[in-house]
Amino acid sequence: HVALEESSELGVTTDGNVDYFHLNSVSVDRDGHLLVSARHTSAVYKLSRRTGQVIWRLGGTRSDFGLGPGVAFGYQHDAQRRADGTLTLFDNAASRPNQAEPHSRAVRLGLDTRAMTARLVRDYQAADPRTAWAMGNMQQLPGGDVFVGWGMHPSCTQIGPDGRVELD
């Protein structure tokens, strides 16, 4: 249900494969449908669990959402809906043309599915910014802290609810 034209990675690998989608996380949304992160389309898809049809796209070349300032992401991982209704993901910010963000970061996004708009609630970065060209995640910890794993940049950061880096 996702066209090849949505991908930024259409090259044939040395093994003879085309990895145009590169699924890297699947989670169950609050209504039972699926949230799927596709690295090579730089988009998160909400899919009908019954039919597989795309309900909406966030990001990528065919986003159904208007993206507010600071929302754009690329080659992301670990898309998760949180208890407060926000969506978090790890923005690799790697290899994307006209990239707005120069470094990887974890983000918390507010989605308005009636107006179809996405806004940046918060981004989480290390005190010493880094770029992880692949992988990465964000875990919500009890008490409001978040723990960010920086993927291919072998490090981690714990950030408090006030934005203060507690561990890096």
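Guide: We can begin with the whole chain and then turn to one strand and its neighbours. Please keep in mind throughout that this is a predicted model.

Visitor: What share of the residues counts as buried?
Guide: Of the 168 residues, 43% count as buried. The chain exposes about 8,400 Å², and carbon and sulfur atoms supply 51% of that area.

Visitor: Let's zoom in on strand S7. Is it mostly covered or mostly uncovered?
Guide: Strand S7, which spans residues 87-91, is mostly covered, with five of its five residues buried.

Visitor: Which way do those residues point?
Guide: Leu 87, Leu 89 and Asp 91 point one way from S7, while Thr 88 and Phe 90 point the other way, and all of them are buried.

Visitor: What about strand S6, how many bridges join it to S7?
Guide: Three bridges join S6, residues 77-81, to S7, and the two strands run antiparallel. One of the pairings to look for is His 77, whose bridge partner in S7 is Phe 90.

Visitor: And what lies between those two strands?
Guide: The hairpin of S6 and S7 has five residues between the strands, and in this hairpin Gly 85 takes a positive phi near 95°.

Visitor: How does S7 pair with strand S8?
Guide: S7 and S8, the latter covering residues 105-112, pair in the antiparallel sense over five bridges. Asp 91, one of the buried residues of S7, stands opposite Arg 105 in S8.

Visitor: Switching to Arg 108, why does it count as buried?
Guide: Arg 108, which has its place in strand S8, counts as buried because its relative accessible area is 8%, and the cut-off for buried is under 20%.

Visitor: What does its side chain make a polar contact with?
Guide: The side chain of Arg 108 makes a polar contact with the side chain of Thr 86, at 3.0 Å.

Methods
Residues are numbered from 1 along each chain as its sequence is written. This is a predicted model: local features need pLDDT of at least 70, side-chain atom pairs count only at pLDDT 80 or more; totals for chains, interfaces and linings use all residues. Side-chain values use heavy atoms; hydrogens and water are left out. Buried means under 20% relative accessible area, exposed over 50%, partly exposed in between (1.4 Å probe, protein chains only). Helices (H or I, at least four residues) and strands (E, at least two) are DSSP runs, numbered from the N terminus. Two strands pair if DSSP finds at least two bridges between them. A polar contact is a pair of N or O atoms within 3.5 Å; within protein, one must be able to donate a hydrogen and the other to accept it, and residues adjacent in sequence count only if both atoms are side-chain atoms. Accessible areas come from the Shrake-Rupley method with a 1.4 Å probe; for residues, only the protein chains shown count as cover.
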